[in-house]
Amino acid sequence: MKKFTCVGDIGDLRAAVAEALEVKRDRFAFTELGKNRTLLMIFFNSSLRTRLSTQKAAMNLGMNVMVLDVNQGAWKLETERGVVMDGDKAEHLLEAIPVMASYCDVIGVRAFAQLSNKAEDYEERIIEQFIRYSGRPVFSMEAATRHPLQSFADLITIEEHKTKERPKVVLTWAPHPKALPQAVPNSFAEWMNATDYEFVITHPEGYELAPEFVGNARVEYDQRKAFEGADFIYAKNWSAYADPNYGKVLSTDRDWTVDAEKMALTNNAFFMHCLPVRRNMIVTDDVIESPQSIVIPEAQNREISAQVVLKRFLEGLE
Ligand code: AN0
Ligand code: CP
C-alpha cells in the first residue's frame, strides 16, 4: 500500500477487518516492524482522537513519531502555485513537502475542506501535493472530502457489534451551529456502500451529498421513517454540498437532533458518532449516555484502523 485516502486503497474489506481484529488481539506483536522508522503527522486543523490514536498506533509498531501543527509554531504555508507571496505566508508547500519528507518514512496529513470553493476542495489539492511531491507513503488523517481512518474504525466497530449478517445502517444528518465539511459522511457512505449492509441516508432537503458518495444508498427525507428497524444510527452534521449553497449552514433545526423518542423507532439500534460531538444539538445526553451508545469503543478503534494502515505501509517499505 502506497497511499491511504479512500476505501479503494485498503483492498478487500473482509481481509482488512480480519487484520484489524488480529492487531487488536495483540497490538504489540509487530514492534520490530517500525524500528528506526519515523512517522510525521502534519496537522492543518485541530484534532484530539486522530492525533493520539495515530501516534499510539505508530508506537505500538515501534515507530518514532513527529507531529507538526502547521498553524502553531511553523511558518504559515502557501498551498497554491503561482501566488505572489507578499502576504502572511512565509513558505511554500512545494519546498516544505520535500524537506519534511526527508526527515521521515511515512506521512499523515490532516487538511480539512475550506468550504469556500467546491472544485478546489473536491480536487483534494493539499493531500494530492503530498502524494505527488513527498516520495513517501501518505495517509489521510481527514482530508477535504474523506476521513478514511474514521470510516475504517466505524466498519470495525459495526462488525464487532452487529447481531445479524446484513444490518440496517442509517446515516443521519443532525444540527450543528457551525459549517462542517462533508468528509465524514462522504467517507462513511463510501465505506458502507462497499459492504453488503442495508444502507440509508437521511437529511433535510438541501443537504444532498455528492452523488459519487451516495452511490446506491437509499435517501430518505423523513428521519423517523429512516430510523424504523435500524440496527445502527450514525449521526453527523455536514454543511450543504449542492450549489449555490456549498459550505453553508441551511438549518439548525433541533427537530433533527437524535433523541430517545426517535431511537425507540429503531431495532434497539446502537448509536455512533465520530466525535467531537455537541450534546443536545447532534444527540441528547440520555442517548449518548445510554448502553446502546458505542461512541467510546468506536473512538478506541481509531488506534486499530491506524495501526493496520501503518503496518501495511511499513511492510511495503524497502
Ligand atoms: C470535524 C468535521 O466535521 O469534519 C472533524 C470530525 C472528525 N468536526 C468538527 O470540526 C467539529
Ligand atoms: N474523530 C476524529 O477524527 O476526531 P479528532 O478530530 O479529534 O481527531
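The shell around ligand 2 holds 3 nonpolar, 4 polar and 3 charged residues. Here Ala, Val, Leu, Ile, Met, Phe, Trp, Tyr, Cys and Pro count as nonpolar, Asp, Glu, Lys and Arg as charged, and the others, Gly among them, as polar. The model is predicted; local features need pLDDT of at least 70, side-chain atom pairs count only at pLDDT 80 or more, and totals for chains, interfaces and linings use all residues. Residues are numbered from 1 along each chain as its sequence is written, chains are lettered from A and ligands numbered from 1 in the order in which they are written, and side-chain values use heavy atoms, without hydrogens and water.

Ser47, Leu48, Arg49, Thr50, Arg110, His147, Gln150, Cys274, Leu275 and Arg302 surround the ligand (a heavy atom within 4 Å). Polar contacts are pairs of N or O atoms within 3.5 Å. A polar side-chain atom of Arg110 lies 2.8 Å from an oxygen atom of ligand 2.

An open sheet has 5 strands in the order E10-E9-E8-E11-E12, with parallel pairing. Strands are DSSP runs of E, at least two residues, numbered from the N terminus; two of them pair if DSSP finds at least two bridges between them. Strands E10 (218–220) and E12 (270–272) form the edges. Strand E9 (residues 198–202) is joined to E10 by 3 bridges. Val200 stands opposite Arg218 in E10.

Definitions and conventions: Helices (H or I, at least four residues) and strands (E, at least two) are DSSP runs, numbered from the N terminus. A polar contact is a pair of N or O atoms within 3.5 Å; within protein, one must be able to donate a hydrogen and the other to accept it, and residues adjacent in sequence count only if both atoms are side-chain atoms.
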